[in-house]
Amino acid sequence: MALLTYSSTIPFSSSSSPSSLSSRRFPATPFRTHVSGPLNPWRFRSRLPRPHAPTRAKATLTVDSPATGDASSRNGPPRVLLEVKDLKAVIKESGQEILRGVNLTIHGGEVHAIMGKNGSGKSTFSKVLVGHQDYDVTGGSVLFKDQNLLEMEPEERSHVGLFMSFQTPVEIPGVSNFDFLLMAFNARRKNHGLPPVEPLEFYSLVTPKVASLNMNPKFLDRNVNEGFSGGEKKRNEILQLAVLEADLAILDEIDSGLDVDALQDVAKAVNGLLTPNNSVLIITHYQRLLECIKPSYVHIMEDGMIVRTGDVSLAEQLEREGYRGISMS
């Protein structure tokens with residue numbers, strides 16, 4: 001595999017160094033790569049619109065948030081992206097039930113926020129949606145764009161348009177950010193029968209997105225998340241989302257550990273990616289994020305179920321009442 005680097009005068013150069021890489025096969029991943037450290041196969045996420053689908057304009061990261069859930073911005077009724085009915089799940093190792101019957105419907109153009117106390121099932125719900133290997137689904141159904149999500153492998157869920165950011169993004173030694181993003185981008189193209197893009201073309205695509213997140217472009221040459229600060233890791237997650245342009249982005253505590261400036265950068269990036277055709281599901285404890293990314297709906301989860309649903313005023317009300325699952329800071 002060619003390793004890609006760049007400088008301030010030359011975007012990048014490629015040189016083949018097979019001796020520096022160890023070949024390792026990872027089954028059931030959306031693409032193959034060579035790395036010098038262990039990888040979690042379901043970590044790789046990629047998707048591209050199918051060849052027969054209308055071409056979507058490239059997302060920008062600098063526009064204000066659209067009016068989410070506004071029917072006037074759509075032609076016809078909103079598309080149902082995700083429909084969850086009575087979803088139940090247990091921890092595979094112990095058999096402990098975490099999800100006890102989750103019901104949720106998300107349409108295109110909507111932003112949904114799930115809030116609740118620690119241990120209420122928020123993160124488990126997001127991991128079950130993307131097919132985390134630590135959980136077994138014991139009941140219910142999940143349709144994503146009218147397809148049975150539960151029958152798909154993690155990489156298949158990614159290819160049909162699901163993306164998830166993580167509370168603590170993992171480090172991938174030996175793989176630069178540029179290589180990772182290029183491989184993910186080309187993997188989704190290959191999955192849909194499209195030719196790969198060349199490094200130079202991809203460089204021109206990714207650098208404006210890096211700039212919009214207030215990240216130094218030199219970070220592309222660093223190993224994925226290795227030595228990154230908390231804010232850089234979260235920005236890197238949103239950069240991956242910007243490159244892959246998923247239909248449904250699940251942001252699991254993307255605001256955790258961010259200062260005010262970093263939070264605003266991340267929120268602006270997410271808002272800039274919103275269209276009437278895609279959606280965002282936010283998992284958070286903090287109302288401050290909802291002041292930057294306006295949700296269409298706020299859901300409160302307790303004991304593995306969604307027990308209350310409302311608009312952003314629900315979070316404000318519960319915060320005033322001292323609900324321990326919601327914080328301003």
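How many aromatic pairs does a search of the whole structure find? The search finds four. The model is a predicted one. Its chain has 329 residues, of which 52% count as buried, and its secondary structure comes to eight helices and 14 strands. Among contacts with a separation of 6 or more, 72% are between residues 24 or more positions apart.

**Aromatic pair and cluster**

- A pair of aromatic rings is described by two quantities, the distance of the centres and the angle of the planes.
- For Phe-178 and Tyr-203 the ring centres are 6.3 Å apart and the planes stand at 45°, so this pair is tilted.
- Phe-178 belongs to helix H3 (residues 177–191) and Tyr-203 to helix H4 (residues 199–212), so the pair ties together parts that are 25 residues apart in sequence.
- Phe-178 is buried, and Tyr-203 is buried as well.
- One aromatic cluster is formed by Phe-178, Phe-185, Phe-202 and Tyr-203.

**Packing of H4 against H5**

- Helix H5 spans residues 230–244, and its axis comes within 10 Å of the axis of H4, with a crossing angle of roughly 135°.
- An angle over 145 degrees would count as roughly antiparallel, but at roughly 135° H4 is oblique to H5.
- The crossing of these two helices, H4 and H5, is right-handed.
- On the H4 side the contact involves Phe-202, Val-206, Lys-209 and Val-210, which meet Leu-239, Ala-242 and Val-243 of H5.
- By residue class, the contact of H4 with H5 has six nonpolar residues, no polar ones and one charged.

**Packing of H5 against H6**

- Helix H6 covers residues 260–273; the axes of H5 and H6 come within 10 Å and cross at roughly 10°.
- H5 and H6 are therefore roughly parallel to each other, the cut-off for that class being angles under 35 degrees.
- H5 contributes Arg-235, Ile-238, Leu-241 and Ala-242 to the contact, while H6 contributes Asp-261, Ala-262, Asp-265, Val-266, Ala-269, Val-270 and Leu-273.
- The residues in the contact of H5 with H6 divide into eight nonpolar, no polar and three charged.

**Leu-289**

- Leu-289 is located in helix H7 (residues 287–292).
- With a relative accessible area of 0%, Leu-289 is buried.
- Glu-253 is 36 residues away from Leu-289 in sequence, and the C-alpha atoms of the two are 9.5 Å apart.

**Arg-222**

- Arg-222 sits in the loop between H4 and strand E10 (223–224).
- Its relative accessible area is 30%, and Arg-222 is partly exposed.
- Not counting residues up to four places away in sequence, Arg-222 touches Val-175, Ser-176, Asn-177, Gly-227, Phe-228 and Glu-232.
- Arg-222 and Gly-174 are 48 residues apart along the chain, and their C-alpha atoms are separated by 9.1 Å.

How values were computed:
Residues are numbered from 1 along each chain as its sequence is written. This is a predicted model: local features need pLDDT of at least 70, side-chain atom pairs count only at pLDDT 80 or more; totals for chains, interfaces and linings use all residues. Side-chain values use heavy atoms; hydrogens and water are left out. Rings of Phe, Tyr and Trp (its six-membered ring) pair if their centres lie within 6.5 Å; planes under 30 degrees apart count as stacked, over 60 as edge-to-face and the rest as tilted. Helices (H or I, at least four residues) and strands (E, at least two) are DSSP runs, numbered from the N terminus. Buried means under 20% relative accessible area, exposed over 50%, partly exposed in between (1.4 Å probe, protein chains only). Axes are lines fitted to C-alpha atoms, for helices over the stretch in contact, and angles run from 0 to 180 degrees between N-to-C directions. Angles under 35 degrees count as roughly parallel, over 145 as roughly antiparallel, 65 to 115 as roughly perpendicular and the rest as oblique. A crossing is left-handed if the near helix is turned anticlockwise from the far one by less than a right angle, and right-handed if clockwise. Contact means heavy atoms within 4.5 Å. Ala, Val, Leu, Ile, Met, Phe, Trp, Tyr, Cys and Pro count as nonpolar, Asp, Glu, Lys and Arg as charged, and the others, Gly among them, as polar.
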